[in-house]
Amino acid sequence: MRILLMGAPGSGKGTQAGFIAEKANVSSVSSGDLFRKNLSDNTELGVLAKTYMDRGEYVPDDVTIRMVLDWVNDPSNISGFVLDGFPRTLPQAIALDKELGSVDKVIFFDVPTADLIERLSGRLICKTCQASFHKIFYPSKNGMICDQCPDDLYQRDDDKPDVVTNRLKVYMQETQPVIEYYDQQNKLINIDGSKSVDEVQSKLEIQLND
Ligand SMILES: [Zn+2]
């Protein structure tokens with residue numbers, strides 16, 4: 001079974017990737033994992049990607065596509081896999097289909113934008129020990145003070161609501177055509193990602209057994 005996971009940052013797809021892979025009895029990888037692995041192993045593609053990053057440029061689509069195709073073509077993954085966070089653009093989706101014929105299921109973790117902003121902009125970090133908290137889901141017992149050491153908590157610039165909102169906007173613009181592409185193929189499965197981890201898992205289980 002070849003499964004793709006789609007969903008905005010904060011949609012919880014990363015949390016469920018392991019569960020889905022276990023149920024489908026395949027391995028899972030995220031595009032970020034593949035990227036970091038290619039960089040740390042100094043593969044040809046990793047070295048190439050680094051030349052762009054060193055210049056402060058985006059790594060071109062075709063480099064990312066080749067990293068993923070290398071992984072899906074590995075003998076241990078060719079018959080089935082869970083791919084988390086890829087494809088993110090329409091050219092990536094088309095390249096994947098061209099290589100594989102098609103995929104079996106595309107699971108889209110659907111979460112309202114307001115919920116995503118709440119999840120993503122709630123993170124607070126301790127200035128001293130770097131402990132990570134969440135305003136709503138995992139608050140410090142001492143408010144804006146760390147409960148593991150006596151220092152203040154702060155919000156990283158990346159986690160500020162306007163930055164988060166912009167990141168989500170970019171994600172949605174990029175991925176909307178991908179969602180439509182798989183919807184037209186009747187591959188798209190919408191999962192309500194605003195529910196609890198357990199509720200999402202039981203919905204996933206039904207879809208995976210289908
Ligand atoms: Zn601390």
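User: Are Cys146 and Cys149 buried or exposed?

Analyst: This is a predicted model: local features need pLDDT of at least 70, side-chain atom pairs count only at pLDDT 80 or more, and totals for chains, interfaces and linings use all residues. Residues are numbered from 1 along each chain as its sequence is written, and side-chain values use heavy atoms, leaving out hydrogens and water. Buried means under 20% relative accessible area, exposed over 50%, and partly exposed in between (1.4 Å probe, protein chains only). Cys146 has 2% relative accessibility and Cys149 has 18%, so both are buried.

User: Which residues are the protein donors of the zinc ion?

Analyst: Donors are N, O and S atoms within 2.8 Å of the metal (3.2 Å for Na, K and Ca); water is not among the atoms, so sites may look incomplete. Here the donor atoms are SG atoms, 2.3 to 2.4 Å from the zinc ion. They belong to Cys126, Cys129, Cys146 and Cys149.

User: How are the donor residues of the zinc ion spaced in sequence?

Analyst: The donors are Cys126, Cys129, Cys146 and Cys149. Written as a pattern, their spacing is C-x2-C-x16-C-x2-C.

User: What is the geometry of the site of the zinc ion?

Analyst: Four donors count as tetrahedral if all angles lie between 85 and 135 degrees. The ideal tetrahedral angle is 109.5 degrees. At the zinc ion, the angles among the four donor atoms are 99 to 120°. The site is tetrahedral.

User: How many disulfides are there?

Analyst: A disulfide is a pair of cysteine sulfur atoms within 2.5 Å. By this rule, the number of disulfides is zero.

User: At what angle do the axes of helix 5 and helix 7 cross?

Analyst: Two packed helices are described by the angle and the distance between their axes. Helices (H or I, at least four residues) and strands (E, at least two) are DSSP runs, numbered from the N terminus. Axes are lines fitted to C-alpha atoms, for helices over the stretch in contact, and angles run from 0 to 180 degrees between N-to-C directions. For helix 5 (residues 90–100) and helix 7 (residues 161–184), the axes come within 8 Å and cross at roughly 35°.

User: Which residues of helix 7 make the contact with helix 5?

Analyst: Contact means heavy atoms within 4.5 Å. Helix 5 brings Leu90, Ala93, Ile94, Leu96 and Asp97. Helix 7 brings Pro177, Val178, Tyr181 and Tyr182.

User: How many nonpolar residues does the contact of helix 5 with helix 7 have?

Analyst: Ala, Val, Leu, Ile, Met, Phe, Trp, Tyr, Cys and Pro count as nonpolar, Asp, Glu, Lys and Arg as charged, and the others, Gly among them, as polar. The contact has no polar residues and one charged residue. Its nonpolar count is eight.

User: Is Lys13 buried or exposed?

Analyst: Lys13 sits in helix 1 (residues 13–24). Beyond four places in sequence, Lys13 touches Leu5, Met6, Gly7, Asp84, Gly85 and Phe109. Its relative accessible area is 16%, so Lys13 is buried.

User: Which peptide bond is cis?

Analyst: Most peptide bonds are trans. Look at Pro87, in the loop between strand 3 (81–84) and helix 5. Omega is near 0° for the cis bond from Phe86 to Pro87.

User: What is the phi of Gln130?

Analyst: Gln130 lies in the loop between strand 5 (123–126) and strand 6 (132–134). At 49% relative accessible area, Gln130 is partly exposed. Gln130 is not a glycine, yet its phi is positive, at about 65°.

User: What value is the phi of Asn186 near?

Analyst: Asn186 is in the loop between helix 7 and strand 8 (188–192). With 71% relative accessible area, Asn186 is exposed. Its phi is positive, near 60°.

User: Which residues does Ser132 contact, leaving aside neighbours within four places in sequence?

Analyst: Ser132 belongs to strand 6 and is partly exposed at 39% relative accessibility. Its C-alpha is 9.0 Å from that of Cys146, 14 residues away along the chain. The contacts of Ser132 are Arg123, Leu124 and Tyr138.

User: How far apart in space are Glu44 and Val164, C-alpha to C-alpha?

Analyst: Glu44 is in helix 3 (residues 44–54) and is exposed at 67% relative accessibility. In sequence, Glu44 and Val164 are 120 residues apart. In space, their C-alpha separation is 33 Å.

Terms used
Four donors count as tetrahedral if all angles lie between 85 and 135 degrees; four count as square planar and six as octahedral if opposite donors are over 155 degrees apart and all others between 65 and 115; anything else is irregular.
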